[in-house]
Amino acid sequence: MFFLLIPVVLYMLIKKYFFSKSPKKLLKKHVVVTGGSSGIGKSVGILAASRGANVTIIARDEDKLKLAERDIKKACIDENQQVKIFSLDVTDNVAVTRVFDQIEDSGGPIYMLINCAGKSICRTLEDMSVDDITSMLNLNVLGTVFPTRWVLPKFKARKEGIIVITASQASLIGIYGMSVYSASKFALRGFAEAIDMEARFHNVSVTLSLPPDTDTPGLHAENIGKPEETLLISGCAGLFQPDVVAERLLDDALDKKFFSHIGFESFVSTTLGAGMSPCSSIAEILLQLFCMGPLRLIGLGYLAHFHRIIRRGVEKSEKQK
């Protein structure tokens with residue numbers, strides 16, 4: 001047991017003394033958040049406003065946008081801060097182009113794009129409808145690709161900008177009942193790595209946020225009809241509050257970290273899934289080199305636990321037939 005604690009202790013020490021930085025100021029910077037009417041997106045908007053940013057939030061539901069706008073305005077620290085809302089389907093590239101033109105015309109150059117639009121429908125593959133499959137792939141993938149495609153040349157031309165792609169722990173491990181969702185989030189991981197290559201030498205950074213289950217309206221909707229096995233597996237990483245995830249996401253993005261993760265289980269899967277992804281510091285490289293082997297054993301332990309959960313579910317189902 002003591003051996004298993006060594007990577008945890010080392011991680012905490014290195015993170016404290018090497019990773020901790022004072023995040024850059026957002027004063028008067030223009031931050032745009034897709035999926036900003038609720039959940040992590042809304043929390044990010046509130047936090048950015050509390051740091052002096054001008055905030056634009058995007059979603060489809062105008063009523064939810066207006067409620068979020070009110071809460072974000074309350075967080076502003078200066079009466080001159082701008083908070084704007086735009087109703088937009090981010091899977092429609094023509095609409096994205098039109099609305100993002102309006103956003104920059106009315107709010108000034110965008111400094112940070114935070115992609116939070118997405119949804120999860122959890123079923124075994126044979127129980128997924130074709131409409132659910134296509135709508136989830138469109139929103140989770142194209143809903144990030146199209147806004148990013150619009151801002152990237154602007155950021156490159158200005159030699160400044162931050163792109164945040166909110167994915168999931170399901171970007172790193174395929175999970176029972178999340179086959180299509182995991183496919184969409186794995187796609188975002190590859191997209192983020194490729195965009196990082198395209199952007200980094202133009203002083204544009206990319207951050208891939210990998211939150212576990214977060215207490216949002218989206219999660220509550222997702223849990224309706226979710227297989228019991230999926231509930232048990234995803235619950236192993238715990239439940240985080242959107243404000244906590246938003247703070248980690250924003251700080252990591254401002255520190256130009258590629259991965260943004262939270263919680264021990266998230267650290268384990270992110271480290272094991274690092275592969276050829278970008279590194280943010282020498283300390284991060286050393287941490288991965290030291291921890292990769294021991295964490296592989298821990299990861300296999302988690303996987304064995306997941307398989308036990310699934311096997312019990314299969315046995316239970318067969319008894320009920």
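How many salt bridges does the count come to?

1. The structure under review is a predicted model. In this model the count comes to 9 salt bridges. Side chains of opposite charge can pair when their charged atoms come close. Several of the pairs are described individually in the points that follow.

2. One of the salt bridges joins the side chains of Glu 160 and Lys 29, with an N to O distance of 3.5 Å. This pair links distant parts of the chain, the two residues being 131 residues apart. Glu 160 lies in the loop between helix 5 (130-158) and strand 5 (161-166), while Lys 29 lies in the loop between helix 1 (2-19) and strand 1 (30-34). Glu 160 counts as partly exposed because its relative accessibility is 37%. Lys 29 is also partly exposed, with a relative accessible area of 26%.

3. A second case lies within helix 3 (residues 62-75). Here Glu 69 and Lys 73 form a salt bridge whose closest N and O atoms are 3.4 Å apart. The two residues are 4 residues apart in this helix, so about one helical turn separates them. As for burial, Glu 69 has a relative accessibility of 16% and therefore counts as buried, whereas Lys 73, at 46%, counts as partly exposed.

4. Asp 196 and Arg 200 form a further salt bridge, in which the closest N and O atoms are 2.9 Å apart. Is Asp 196 buried or exposed? Asp 196 is buried, since its relative accessible area is 6%, below the cut-off of 20% that applies to buried residues.

5. Lys 256 deserves a separate remark on chain position. This residue is placed in the loop between helix 9 and strand 7 (259-260). Lys 256 and Ile 162 are 94 residues apart in sequence, and their C-alpha atoms are 8.0 Å apart in space. With a relative accessibility of 35%, Lys 256 counts as partly exposed.

6. Which residues form a nonpolar patch on the surface? The patch consists of Ile 282, Ile 285, Leu 286 and Leu 289, which together have about 420 Å² of accessible area. Leu 289 is placed in helix 11 (residues 282-320). Leu 289 counts as exposed because its relative accessibility is 66%, and the cut-off for that class is over 50%.

7. The structure holds 2 cavities of 30 Å³ or more. The second largest cavity has a volume of about 30 Å³.

8. The lining of this second largest cavity draws on several stretches of sequence. Its residues are Ser 209, Leu 210, Pro 211, Val 245, Arg 248, Leu 249, Ser 260, His 261 and Ile 262. Which helix gives the most to this lining? Helix 9 (residues 242-254) does, with 3 residues. By class, the lining of the second largest cavity comprises 5 nonpolar, 3 polar and 1 charged residues.

Technical notes: Residues numbered from 1 in each chain as written. Predicted model: local features only at pLDDT ≥ 70, side-chain atom pairs only at ≥ 80, totals over all residues. Heavy atoms only, no water. 1 Å grid on protein atoms, 1.4 Å probe; cavity = no way out; pocket = protein on both sides within 12 Å on 5 of 7 lines; lining within 4 Å. Points joined across faces, edges and corners; volume = space filled by probe spheres on them. Nonpolar A, V, L, I, M, F, W, Y, C, P; charged D, E, K, R; others polar. Patch = residues over 30% accessible without salt bridge, like charges linked within 9 Å, V, L, I, M, F, W, Y side chains within 5 Å. Areas by Shrake-Rupley, 256 points an atom, 1.4 Å probe, with all protein chains shown as cover. Salt bridge = Lys/Arg side-chain N within 4 Å of Asp/Glu carboxyl O. Buried < 20%, exposed > 50% of the residue type's maximum accessible area, 1.4 Å probe, protein only.
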